[in-house]
Amino acid sequence: MSTTPRNRLGDLERAVLEHLWAEGPSHPEGLTVREVHDVVGVQRDLAYTTLMTVLDRMAKKGLVSRERDGRAWRYTAASSRDELTSETMRHALGELAGTERRSALLHFLDESTPEEIDELRAALAELEARETAAPTSPGRGRRQKAT
């Protein structure tokens, strides 16, 4: 996980990533600046060079990966939506000390809907089942439970 807050996205960066995530399955080789501009740029009335600059900066931040394809670059999202969301949450919680972290989590849970609580319970149950089925290998960052 990156220690820099690469997950603090601007509105345009988020729109670009949303487009890359949406198109990724049908374009595993990535999209050119022109292909991104034809959708995101047109929707937002942006110059081609604006998107070229944004994609270059996103590559430097590690938000997108790029590979040369002739004279053009092809861009793909460096992380899935789930991975980036997880990193954002971990970064936000990582800035808090023990009791502050617990307070933030409780506040989050207090404002959650019953459906969201059910999803969290299901996710915790899935995690518990995975940990029971296959012990965590060293270096994966998971803490062992105290018995």
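Leaving aside its neighbours within four places in sequence, which residues is Val 16 in contact with? Select Val 16 and look around: the partners are Val 36, Val 40, Leu 51, Val 54, Leu 55 and Met 58. Contact here means heavy atoms within 4.5 Å.

Before you click further, some ground rules. This is a predicted model, where local features need pLDDT of at least 70 and side-chain atom pairs count only at pLDDT 80 or more, while totals for chains, interfaces and linings use all residues. Residues are numbered from 1 along each chain as its sequence is written, and side-chain values use heavy atoms, with hydrogens and water left out.

**The whole chain**

Now switch to a cartoon view. You'll find six helices and two strands, in the order α-α-α-β-β-α-α-α along the sequence. Both kinds of element are DSSP runs numbered from the N terminus: helices are H or I with at least four residues, strands are E with at least two. Of the 147 residues, 23% count as buried. Buried means under 20% relative accessible area, exposed means over 50%, and partly exposed is in between (1.4 Å probe, protein chains only).

**The core**

Next, select Val 16, Leu 17, Val 36, Val 40, Leu 51, Met 58 and Val 64. In the largest nonpolar core, which has 20 residues, these touch the most other members. Helices α1 (11-23), α2 and α3 each supply at least two residues of this core, and α1 gives the most, with six. A nonpolar core is a set of buried Ala, Val, Leu, Ile, Met, Phe, Trp, Tyr and Cys residues joined through side-chain atoms within 4.5 Å.

Zoom in on Val 36, in helix α2 (residues 33-44). Val 36 counts as buried because its relative accessible area is 0%. Not counting residues up to four places away in sequence, Val 36 touches several residues, including His 19, Leu 20 and Leu 31.

Slide along to Asp 45, in the loop between α2 and α3 (48-61). Most residues other than glycine have a negative phi. Asp 45 isn't a glycine, yet has a positive phi of about 55 degrees. Its relative accessibility is 73%, so Asp 45 counts as exposed.

**The hairpin**

Select residues 64-69 and 72-77, which are strands β1 and β2; they run antiparallel and are joined by six bridges. Two strands pair if DSSP finds at least two bridges between them. Find Arg 66, and you'll see Tyr 75 of β2 opposite. In the hairpin, two residues lie between the strands, and Gly 70 takes a positive phi near 70 degrees.

Stay in β2 for Ala 77. Ala 77 counts as partly exposed because its relative accessibility is 23%. The C-alpha atoms of Ala 77 and Leu 20 are separated by 6.0 Å, although the two are 57 residues apart along the chain.

**Last stop: a surface patch**

Helix α5 (residues 98-110) gives the largest share, three residues. Where does Leu 120 sit? Look in helix α6 (residues 114-133). Leu 120 counts as partly exposed because its relative accessibility is 34%.
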